[in-house]
Amino acid sequence: MFWVDAELGSEIYLDGIITVIDAKYGLKHLMEEKPEGLVNEAARQIALADLAIINKTDLVNEEELNQLQETVRSINGLVKIVETQKSRVDLCQVLDLHSFDSKSGARLQEKLQLVKTTRPHLDKNILTVTFEVCGSVFEEDLNIFIQNLLWEKTFKNKDGLVMNVIRLKGIVSLWGKTHQVIVQGVHELYDLEETPQVWSESEPRANRLVIIGRNLDQEVLQQQFIATVLNKKNRD
């Protein structure tokens with residue numbers, strides 16, 4: 001609501017999504033079996049997060065903590081992890097995240113370069129995929145790709161399962177735009193916003209997307225993105 005409502009945004013804005021994870025029982029919640037078609041709620045909350053706070057780390061050993069961290073990162077390759085005990089967190093780590101505005105453009109560009117496609121975690125369904133396609137894309141074609149992915153849900157993986165996106169983030173290069181553009185998506189909502197960063201002449205233009213969700217297939221998503229871009233070029 002705070003992200004998409006301009007009137008609310010004048011006073012209050014969405015800075016970021018924080019998920020708190022119990023170090024002792026986090027894996028237990030992530031391993032809970034759900035009926036077919038339902039998402040594990042603990043995994044969904046991690047998938048949505050910009051920041052994950054693992055609390056009560058004093059109650060687990062190093063091996064258990066490492067396993068939990070690996071599971072969190074397998075779900076959400078973008079999330080920042082902070083470890084704490086008794087909920088003591090430096091406010092500098094949880095405030096001014098700017099995860100949903102153009103101020104995060106420079107940091108996001110650097111972060112996207114490090115994100116890799118993950119392997120399925122305990123749920124086997126929710127994971128992170130990322131890909132990069134060089135060149136620029138027309139904004140209307142980018143909208144078609146995103147709407148087919150988020151709204152129409154027309155993309156299926158190699159097993160024939162519909163891909164369901166929980167979080168979408170990326171930097172794209174739009175025709176006619178000198179500035180880099182951030183694309184953000186949460187479930188069926190998405191937004192495009194120009195950043196202060198200008199594409200330099202020495203810097204190759206590229207579109208890099210990170211998608212978190214269920215039944216995702218990196219190869220299929222990249223092929224669909226390329227097909228959308230080439231489709232417009234062929235028409236021209």
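Which strands does H4 lie across, running at about 50° to S4? H4 lies across S4 and strand S8 (206–214), and the views below start from there.

This is a predicted model, in which local features need pLDDT of at least 70 and side-chain atom pairs count only at pLDDT 80 or more, while totals for chains, interfaces and linings use all residues. Residues are numbered from 1 along each chain as its sequence is written, and side-chain values use heavy atoms, with hydrogens and water left out.

**View 1. Three strands form an open, parallel sheet in the order S1-S2-S3.** Helices (H or I, at least four residues) and strands (E, at least two) are DSSP runs, numbered from the N terminus; two strands pair if DSSP finds at least two bridges between them. Strand S1 (18–22) and strand S3 (80–83) stand at the edges with a single partner strand each, so one side of each has no neighbour in the sheet. From one strand to the next, the twist averages 25°. Look for the four bridges that join strand S2 (residues 51–55) to S3, with Ala52 opposite Ile81 in S3.

**View 2. Helix H4 (residues 62–75) lies across S1, S2 and S3.** Contact here means heavy atoms within 4.5 Å. H4 runs at about 155° to S3; axes are lines fitted to C-alpha atoms, for helices over the stretch in contact, and angles run from 0 to 180 degrees between N-to-C directions.

**View 3. Five strands form an open, antiparallel sheet in the order S4-S8-S5-S6-S7.** Strand S4 (126–134) and strand S7 (189–198) are the edges, each with a single partner strand, so one side of each is left without a neighbour in the sheet. Here the twist averages 15° from one strand to the next. Six bridges join S5 to strand S6 (residues 179–186), and Ile171 has Ile182 in S6 as its bridge partner. H6 packs on the sheet, touching S4, S5, S6, S7 and S8, and its direction makes about 140° with that of S7.

**View 4. Phe131, Phe145, Phe155 and Phe225 form one aromatic cluster.** Rings of Phe, Tyr and Trp (its six-membered ring) pair if their centres lie within 6.5 Å; planes under 30 degrees apart count as stacked, over 60 as edge-to-face and the rest as tilted. The count comes to five aromatic pairs. In one of them, Phe145 and Phe155 have ring centres 5.6 Å apart and planes at 35°, so the pair is tilted. Both Phe145 and Phe155 are buried (under 20% relative accessible area, with exposed over 50% and partly exposed in between; 1.4 Å probe, protein chains only).
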